[in-house]
Amino acid sequence: MPDRHKQVQSKYTADRNMPGAFEGETVNRRRFMTATVHGAGAVAATAFTLPALGFALGPIFSRLPWSWQAIGKPSDFVETTYVIKVITIVEGIGEAGKSIAYVRTRDPAIDTEPEDQYNHWIALSSRCMHLGCPVRFVAAAERFICPCHGGVYDFRGMVAGGPPVRPLDRFYTRMNKTTGLVELGPRYSVNSELQRFSPRDPGEPLDGIGQYLYPSRFDTAKRP
Ligand code: FES
């Protein structure tokens, strides 16, 4: 049978015969000092851990800035070949932040993906979708060739041979009605049906389950 009149333990250390007890104390000095040292240790650890964590993880959650950059007049581009344009992909780091884009006018006869305000000009990234080497457009063959492992892309940037896992990335383009210039915006990735996705890295396929296995990085996820 349970003991209903269980003796209530005294809150005083002396009554409980604790070592080092003093009359009138509810916590002995050893326990008090132990708790104080542990608390101080926790505060010190937090003080140097949190800033380091913030420094390391902060960039993951900040979106990279992007802007529209003018690349020329509409008459600078044609349907039948690509024009090379030097573009800035990372601001503020000079030449290291520059790359090139291959740009042509949209040709409804071959560009069968849905037309909208962002693809009146087709702008392809020069980065190979195998491991990222710069591809070169060979006008005579109407192919993009990657010198690293023999990747080949057709005139539209679709994979025609070799190890690349998806078509060449593209850039949004638009007409600036105020300046009358064609502008190039942020990069996006496409699958083999030229559906748009947030930018992925080379080597990340987007067909089928690939789009879920290789989600975009948080800092580049939001686009027009
Ligand atoms: S990096 Fe282009 S084929 Fe390997």
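1. Basis. The model is predicted, so local features need pLDDT of at least 70 and side-chain atom pairs count only at pLDDT 80 or more, while totals for chains, interfaces and linings use all residues. Residues are numbered from 1 along each chain as its sequence is written, and side-chain values use heavy atoms, with hydrogens and water left out.

2. Aromatic pairs. The structure holds 11 aromatic pairs. Rings of Phe, Tyr and Trp (its six-membered ring) pair if their centres lie within 6.5 Å; planes under 30 degrees apart are stacked, those over 60 are edge-to-face, and the rest are tilted. One of the pairs is Tyr 102 with Phe 144, which is edge-to-face, with 5.1 Å from centre to centre and 75 degrees between the planes. This pair links distant parts of the chain, since Tyr 102 belongs to strand β3 (residues 98–105) and Phe 144 to strand β6 (residues 143–145), 42 residues apart. Strands are DSSP runs (E, at least two residues), numbered from the N terminus. Both Tyr 102 and Phe 144 are buried, where buried means under 20% relative accessible area, exposed means over 50%, and partly exposed lies in between (1.4 Å probe, protein chains only).

3. A tilted pair. The ring centres of Phe 137 and Phe 155 are 6.0 Å apart and their planes stand at 55 degrees, so this pair is tilted. It too links distant parts of the chain: Phe 137 is in strand β5 (residues 136–138), and Phe 155 is in the loop between β7 (152–153) and β8 (159–161), 18 residues apart. Phe 137 is buried, at a relative accessible area of 12%. Phe 155 also counts as buried, with 12% relative accessibility.

4. The cluster. Which residues do ring pairs link into a cluster? They are Tyr 82, Tyr 102, Phe 137, Phe 144 and Phe 155.

5. Strand β10. This strand (residues 181–190) is mostly covered, with 9 of its 10 residues buried. Two strands pair if DSSP finds at least two bridges between them. Strand β1 (residues 69–72) runs antiparallel to β10 and is joined to it by 3 bridges; Ala 70 has Glu 183 in β10 as its bridge partner. Strand β9 (residues 170–176) is also antiparallel to β10, with 6 bridges, and Phe 171 is partnered by Arg 187 in β10.

6. Two hairpins. The hairpin of β9 and β10 has 4 residues between the strands, and Gly 180 in the turn has a positive phi of about 75 degrees. Strand β11 (residues 196–197) is joined to β10 by 2 bridges and runs antiparallel to it, with Ser 189 opposite Phe 197 in β11. The hairpin of β10 and β11 has 5 residues between the strands, and Leu 194 has a positive phi near 60 degrees.

7. Cysteines. The structure holds 1 disulfide, a disulfide being a pair of cysteine sulfur atoms within 2.5 Å. Cys 133 and Cys 148 form it, with their sulfur atoms 1.9 Å apart. The torsion about their S-S bond is about -95 degrees, so the disulfide is left-handed. Cys 133 lies in the loop between β4 (121–125) and β5, and Cys 148 in the loop between β6 and β7, 15 residues apart. Cys 133 is buried at 18% relative accessibility, whereas Cys 148 is partly exposed at 37%. Cys 128 is buried, at 2%, and Cys 146 is buried, at 4%.
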